[in-house]
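Subject: Handover of a structure and findings

Dear colleague,

Please find the structure below, together with its sequence. My findings follow it.

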Amino acid sequence: MNLIYYFFGTRCQAVPERLFVPGSGQGNSLSKTGALVAVLATVLASAAVPFAVAGELEGVRATSFRAGSSDVDRHRSSRETPTVTAIRRASPSVVNLHGQKTLRNSAASHAGAVGDVAKQVNGMGTGVVIDSRGYVVTNYHVVEDVYEINVTLHNGETTRADLVTSDPSSDLAVVKLRGSGPFETIPQGHSDDLMIGESVIAIGNAFGYVHTSTVGIISALHRDIPVNETQSYHDLIQTSAGINPGNSGGPLLNIDGEIIGINVAVRVGAQQIAFAIPIDQVLETVNDMVTRHNDRRFVIGLRGTSDRSGGLRVVDLNDGGSAQQGGLKPGDRVLKVQDRSVKTPLQYALSILDATPGQKLRMEFDRDGEVYETFVATLPNSGSTSDPTASLAWQVIGVAVRPASDSFTRRMNSQLSTSYRGGLVITDVRSGSAADEQGIQVGDVLLGIHSWQTSNLSDLAGILEHPEIQSGPNAKFYVVRRDKTLYGHMQLASQTGTSRR
């Protein structure tokens with residue numbers, strides 16, 4: 001089955017060129033479309049005065065999601081259908097993502113043929129705000145290998161976003177908008193009670209036309225869709241709503257304006273066959289992603305589950321952990337962290353996402369119908385994780401990393417005229433660490449430390465275990481940022497004494 005992602009398409013199957021006719025020769029086609037829109041607008045504007053009858057228009061007002069509630073209530077039109085209401089309700093929490101990455105000109109060059117030429121291309125995607133501080137869920141392929149994530153909000157304002165955590169296997173990522181907020185959050189529905197035939201709405205950055213809305217129905221449920229040898233999707237929603245380039249990461253809504261899925265792919269060569277990841281699956285995966293991200297940075301020593309009454313039901317505590325020291329017991333329900341209410345495990349994970357190691361967090365919890373308050377410290381992670389290399393990198397250098405993909409390495413070598421075997425993409429930087437002090441950023445690609453390449457995690461493990469590195473030297477490092485190779489020196493933490501924090 002041929003599927004196409006809707007951002008840059010770097011992970012797509014081969015697609016017949018004719019399918020991209022609407023997008024080919026964009027300068028001409030867009031200018032013609034723009035002219036047509038302008039002419040129509042002019043004609044309608046000029047025709048409104050001589051042909052409209054005042055009595056026929058009285059009490060009727062066109063509205064949009066930006067209209068004030070007083071306008072809507074005072075002049076409600078029969079045109080204001082449930083679809084209009086749903087779009088108005090959800091649109092403020094939908095953001096449009098733009099960025100650049102490197103693409104090759106042809107399949108031959110992508111395979112490394114002679115004359116390999118790489119180019120920077122603009123791309124687009126969509127995301128939904130799930131936390132008022134600006135945390136956004138989108139597809140991983142939307143932000144994969146993107147150097148700088150630019151964002152357009154529903155009101156036209158622009159900002160940037162930073163990658164927080166991602167999971168390529170599920171094709172999901174979390175980014176955070178820059179700015180103080182608060183940002184409107186998407187109304188959340190459920191995907192366990194969906195009905196074939198019910199109306200749905202897709203909103204996205206289609207071909208760069210921000211906040212494009214299309215309608216359709218749920219065509220089928222529980223679709224398993226293979227993409228290639230390494231990527232497949234399971235239990236997807238199939239919909240007839242129009243999905244176009246730029247829709248990836250955007251919401252699939254029910255008629256109440258609640259998100260029931262994240263749009264991800266479409267069947268190439270077909271009409272009205274598109275797919276979305278069910279929202280229950282999305283939220284469960286995002287909860288796991290954010291929890292792992294938090295656990296790499298600090299330890300609270302609390303594990304919980306959802307509770308019908310709301311809040312996070314404590315099921316286990318680390319002996320001597322800060323949660324236990326704070327007086328929490330199994331069976332308690334965490335209701336609030338700092339000033340943020342907790343109704344689900346994901347909300348708990350998000351509530352501590354901005355915390356830093358060593359910070360004390362105020363918690364409210366319920367025990368037998370009584371509400372109590374306590375303070376729980378975020379203890380710095382000692383590095384005791386299932387991956388010793390990741391733990392050592394976090395302790396000694398202050399970074400979390402993942403191997404760069406083969407396609408990324410090929411593009412990087414082509415662009416920089418280098419021959420690196422690989423690299424390690426920085427996914428997190430510990431505050432106050434050697435990496436942080438030297439300005440290493442999330443998204444940088446670590447190429448080498450001292451005189452050794454960091455092509456993969458095995459290379460990194462060998463470097464960190466080398467006696468020369470264990471002594472905590474002032475080591476030279478190399479990173480790639482955008483299209484430049486940078487280097488510097490950082491004082492690594494010694495592994496022979498007390499670990500650096």
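Please note that this is a predicted model. Tyrosine 478 has a relative accessible area of 28% and is therefore partly exposed. Its ring partner is tyrosine 487, and the two centres lie 6.4 Å apart with the planes at 40 degrees, which makes the pair tilted. Tyrosine 487 is exposed, at a relative accessible area of 57%.

The structure holds 2 aromatic pairs. The other one joins phenylalanine 365 and tyrosine 372: their ring centres are 5.6 Å apart and their planes stand at 25 degrees, so this pair counts as stacked. The angle decides the label here, because planes under 30 degrees apart count as stacked and those over 60 as edge-to-face, with the rest called tilted. Phenylalanine 365 is buried, with a relative accessibility of 4%, whereas tyrosine 372 is partly exposed at 38%. Tyrosine 372 has a charge over its ring as well: the charged end of arginine 367 sits there, 5.8 Å from the ring centre.

Turning to the protein as a whole, the model contains 14 helices and 27 strands. The chain has 501 residues, of which 46% count as buried. Among contacts with a separation of 6 or more, 61% are accounted for by residues 24 or more positions apart.

Helix H10 spans residues 388-397 and helix H13 spans residues 457-464; their axes come within 10 Å and cross at roughly 55 degrees. H10 and H13 are therefore oblique to each other, and their crossing is left-handed. On the H10 side, the residues that meet H13 are Thr389, Leu392, Ala393, Val396 and Ile397. Their counterparts in H13 are Leu457, Leu460, Ala461 and Leu464.

How many residues of H10 are buried? The count is 8 of 10, so H10 is largely enclosed by the rest of the structure. The buried residues include Ser391, Trp394 and Gln395, and Thr389, Leu392, Ala393, Val396 and Ile397 are also buried. Just after H10 comes glycine 398, which takes a positive phi of about 95 degrees.

Isoleucine 260 belongs to strand E12, residues 259-267, and is buried at 0% relative accessibility. Leaving aside neighbours within four places in sequence, isoleucine 260 is in contact with a set of residues including His190, Ser191, Leu194, Val200, Ile218, Ile237 and Asn254. Ile277 is also one of the contacts of isoleucine 260; isoleucine 260 and isoleucine 277 are 17 residues apart in sequence and 8.4 Å apart in space, C-alpha to C-alpha.

Glutamine 238 is placed in strand E10, residues 232-239. Is glutamine 238 buried or exposed? Its relative accessibility is 10%, so glutamine 238 counts as buried. With neighbours within four places in sequence left aside, glutamine 238 is in contact with Ile217, Ile218, Ser219, Ala220, Arg223, Ile273, Ala274 and Phe275.

With kind regards

Methods. Residues numbered from 1 in each chain as written. Predicted model: local features only at pLDDT ≥ 70, side-chain atom pairs only at ≥ 80, totals over all residues. Heavy atoms only, no water. Phe/Tyr/Trp six-rings, centres within 6.5 Å; stacked < 30°, edge-to-face > 60°. Buried < 20%, exposed > 50% of the residue type's maximum accessible area, 1.4 Å probe, protein only. Lys NZ or Arg CZ within 6 Å of the ring centre and 35° of its normal. Axes fitted to C-alpha atoms, helices over the stretch in contact; angles between N-to-C directions. Helix = DSSP H or I, 4+ residues; strand = E, 2+ residues; numbered from the N terminus. Parallel < 35°, antiparallel > 145°, perpendicular 65-115°, else oblique. Left-handed = near helix turned anticlockwise from the far one by under 90°. Contact = heavy atoms within 4.5 Å.
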